[in-house]
Amino acid sequence: MGVALVFGAGWQANGWRLGQELAEQKASHTQELAARDQAAFLVGQTINSNYQEALNDAIQEQTRLAGAAAVAQRNAGRLRDQLREADVRIATASAEAVRDYAATANQLLGQCSQRYTELAAKADGHALDARTCRAAWPVIHQTKENTR
């Protein structure tokens with residue numbers, strides 16, 4: 001009977017010890033999960049903050065571009081008016097004045113052509129950047145999906 005009592009007490013003590021170890025493991029696991037959740041939350045906040053900042057910057061840039069486009073439209077309208085007036089003046093101008101006007105118009109068109117070519121090269125570069133970003137995104141997303 002004494003052996004059974006000692007055995008039972010030992011069994012009980014061992015159960016308490018294992019219960020304590022299990023409780024410590026659960027607490028440690030809970031702390032690890034909480035730390036991971038906190039880290040994921042912080043990453044999410046950073047991503048949201050960066051997204052909101054980029055969105056605000058894009059809205060400001062869009063506003064600036066809309067203003068610049070409105071100025072360009074007004075300038076183009078004034079230029080059209082000047083060209084209509086020039087048509088009237090050319091009809092009554094001397095041959096020398098018409099030649100001077102043509103030479104000036106030629107230079108201006110040459111400058112416009114050069115600026116247009118430069119702008120087209122920049123636009124092509126931006127379009128390539130945008131295509132590259134769009135093409136890379138599904139690959140990154142697909143890679144993440146394949147690793148799950």
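Is Arg36 buried or exposed? In this predicted model, in which local features need pLDDT of at least 70, side-chain atom pairs count only at pLDDT 80 or more, and totals for chains, interfaces and linings use all residues, Arg36 is exposed, with a relative accessible area of 53%. Residues are numbered from 1 along each chain as its sequence is written, and side-chain values use heavy atoms, with hydrogens and water left out.

The chain holds two helices and zero strands, where helices (H or I, at least four residues) and strands (E, at least two) are DSSP runs numbered from the N terminus. Of the 148 residues in the chain, 1% are buried.

Three salt bridges are found in a search of the whole structure, a salt bridge being a side-chain nitrogen of Lys or Arg within 4 Å of a carboxyl oxygen of Asp or Glu. Arg36 is paired with Glu32, their closest N and O atoms lying 3.9 Å apart; the two residues are four residues apart in helix α1 and are therefore separated by about one helical turn. Glu32 is partly exposed, with a relative accessible area of 41%. In the salt bridge between Glu61 and Arg64, the closest N and O atoms are 2.6 Å apart, and these residues, three apart in helix α1, are again separated by about one helical turn. Glu61 is partly exposed at 36% relative accessibility, and Arg64 is partly exposed at 49%. Asp81 and Arg84 form a salt bridge with an N to O distance of 2.4 Å, and their spacing of three residues in helix α1 corresponds to about one helical turn. Asp81, at 37% relative accessibility, is partly exposed.

Helix α1 (residues 2-92) also contains Ile59, which is partly exposed, with a relative accessible area of 47%. Together with Tyr51 and Leu55, Ile59 makes a nonpolar surface patch of about 300 Å². Patches are made of residues with over 30% relative accessible area and no salt bridge, like charges being joined within 9 Å and nonpolar side chains (Val, Leu, Ile, Met, Phe, Trp, Tyr) within 5 Å.

The largest pocket holds about 240 Å³ of space; on a 1 Å grid over the protein atoms alone, a pocket is an open set of points with protein on both sides within 12 Å along at least five of seven lines, and lining residues have an atom within 4 Å of a point. Helices α1 and α2 (95-146) each supply at least two residues of this lining, and the largest share, six residues, comes from α2. Among the lining residues are Leu79, Arg89, Tyr101, Leu108 and Cys112. By class, the lining comprises eight nonpolar residues, two polar and one charged, with Ala, Val, Leu, Ile, Met, Phe, Trp, Tyr, Cys and Pro counted as nonpolar, Asp, Glu, Lys and Arg as charged, and the others, Gly among them, as polar.

Notes
Accessible areas come from the Shrake-Rupley method with a 1.4 Å probe; for residues, only the protein chains shown count as cover. Buried means under 20% relative accessible area, exposed over 50%, partly exposed in between (1.4 Å probe, protein chains only). On a 1 Å grid over the protein atoms alone, a cavity is a set of points where a 1.4 Å probe fits but cannot get out, and a pocket is an open set with protein on both sides within 12 Å along at least five of seven lines; lining residues have an atom within 4 Å of a point. Grid points are joined across faces, edges and corners, and a volume is the space filled by probe spheres set on the points.
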